[in-house]
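Hi there,

Here is the structure I promised to pass on to you.

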Amino acid sequence: MNNSVDVVIIGAGVIGLATGRELARKGVDTLILDGEPVFGSWTSSRNSEVIHAGLYYESQSLKARTCVRGRDLLYAFCNARGVPHRQCGKLVVAVNDAQVQELEQLSRLAHANGADSRLIDIQELRRLEPAVRAAGALFSPNTGIIDSHAYMQALLGEAETYGARLVCRTQVTRIRQSGQGWNVSIAGETEPVVHASWVINSAGLFAQNVSRTVEGMSEQHIPRLRLAKGSYCTYAGRTPFGRLIYPLPEHGGLGVHLTFDMGGQARFGPDVKWVDSIDYSIDLADPSRFTEAVRRWWPEVNADHMSPGYAGVRPKLSGPGESAVDFKIATPAQHGVARFVALYGVESPGLTASMAIAEIVAKEVGDAS
Ligand SMILES: Cc1cc2nc3c(=O)[nH]c(=O)nc-3n(C[C@H](O)[C@H](O)[C@H](O)COP(=O)(O)OP(=O)(O)OC[C@H]3O[C@@H](n4cnc5c(N)ncnc54)[C@H](O)[C@@H]3O)c2cc1C
């Protein structure tokens, strides 16, 4: 084998691409491998495409810190690179007085996290979004929407400009220690195809599986994966909203909310269904439960306009009834395996946080090299 690089990144979702760009910018010779024919084929193409402001996450958690930092980096990157996006703002609505108190708690958390937001009363809500019926709302001006595919394309373009390479249709099967680094094997080849000083595992829903192929990795350092499917409905015709509209968050997700893509197509979702395996079939023969959820704050919603959209699966580290668990960036100090970093549980707000996560990973590689 005469192929040798500084870093192999496994996975060309938004996290692997952002990390590849960050490393390449720092002059690190980086190779990104992905098993699919094109980058971003899994979770990075199956989400709400919302730039989150950072309202919801436990203070000082990685989710809170990387969301706020990542949001700022993301807006700056989109503006500099012409990535289609819109800082449209969002409203989290309370449908009764008890929920107004929950909104107040959420507002305190948002401020602690550094996410601008303010509580608004019914009069202001009517002025901003006349079609919404609610007892109050939290207005988040920093929330936005993004064309996630254009973002990934721009990340890849910049990574390649700095010398990184992406090879698709390359399923990593084994990672074995060799000298000061790793020999990486792929499906269809008997011998390792590349030697890397560092390996970054950003395989999303498959990160746990990939870590199990790493020589010297103990199972006790691989967190258990739990899967929560989220389905979306698309909405035919116009909706009267200028901002994203969210209910209060529910266990496992942010509640069935209204978002739209850059083309203006409205969609509602995602719901939360705990599943045992990854399955993207849309189980929405009867979308009435979506209509009911939306009718609580938009009485005029028309059930006939709802149709099955798409689904994504959240790679979670906690299950039903358990408290939410933070992103996990597992470094050599934690798992004891030198020159290997694994990213687990990168569910929402991973798209928003991608460049901030990339900074942390690149610093780990840079500090130790
Ligand atoms: C329903 C839903 C809604 C969401 N909404 C939002 C949102 O609005 N805003 C937000 O900020 N975040 C959101 N997220 C989170 C966001 O989508 C994810 O955090 C992000 O896409 C994760 O990217 P990733 O690169 O870690 O994973 P992925 O995109 O899954 O990429 C992993 C890659 O690894 C590759 N791979 C796996 N195994 C191997 C192997 N052995 N060899 C080679 N390649 C391999 C796969 O092919 C894949 O391309 C949402 C997530 C879900 C599920």
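**What turned up around L62**

Please keep in mind that this is a predicted model. Setting aside the residues within four places of it in sequence, L62 touches D326, F327 and I329. L62 itself belongs to helix α2, which covers residues 62-81.

**The chain as a whole**

The protein chain contains 9 helices and 20 strands. Its radius of gyration is 21 Å, close to the 21 Å that the globule rule gives for 369 residues, so the chain is as compact as a globular protein of that length. Along the principal axes, the C-alpha atoms fill a box of roughly 65 × 40 × 40 Å. Of the 369 residues, 47% are buried. Among contacts with a separation of 6 or more, 73% are between residues 24 or more positions apart.

**Around the ligand**

There are 42 residues around the ligand, and G11, G13, N47, G204 and G350 come nearest. Elements giving two or more residues to this shell are α1 (14-25), β18 (306-316) and α9 (350-368). By type, the shell has 17 nonpolar, 19 polar and 6 charged residues. Domain 1 (4-47 + 149-223 + 325-368) and domain 3 (225-324) each supply at least three of the shell residues.

Best wishes

Methods:
Residues numbered from 1 in each chain as written. Predicted model: local features only at pLDDT ≥ 70, side-chain atom pairs only at ≥ 80, totals over all residues. Helix = DSSP H or I, 4+ residues; strand = E, 2+ residues; numbered from the N terminus. Contact = placed C-beta atoms within 7 Å. Rg over C-alpha atoms; globule rule 2.2 N^0.38 Å. Buried ≥ 20, exposed ≤ 12 C-beta atoms within 10 Å, placed from the backbone. Near = placed C-beta within 6 Å. Nonpolar A, V, L, I, M, F, W, Y, C, P; charged D, E, K, R; others polar. Domains from an automatic or database assignment.
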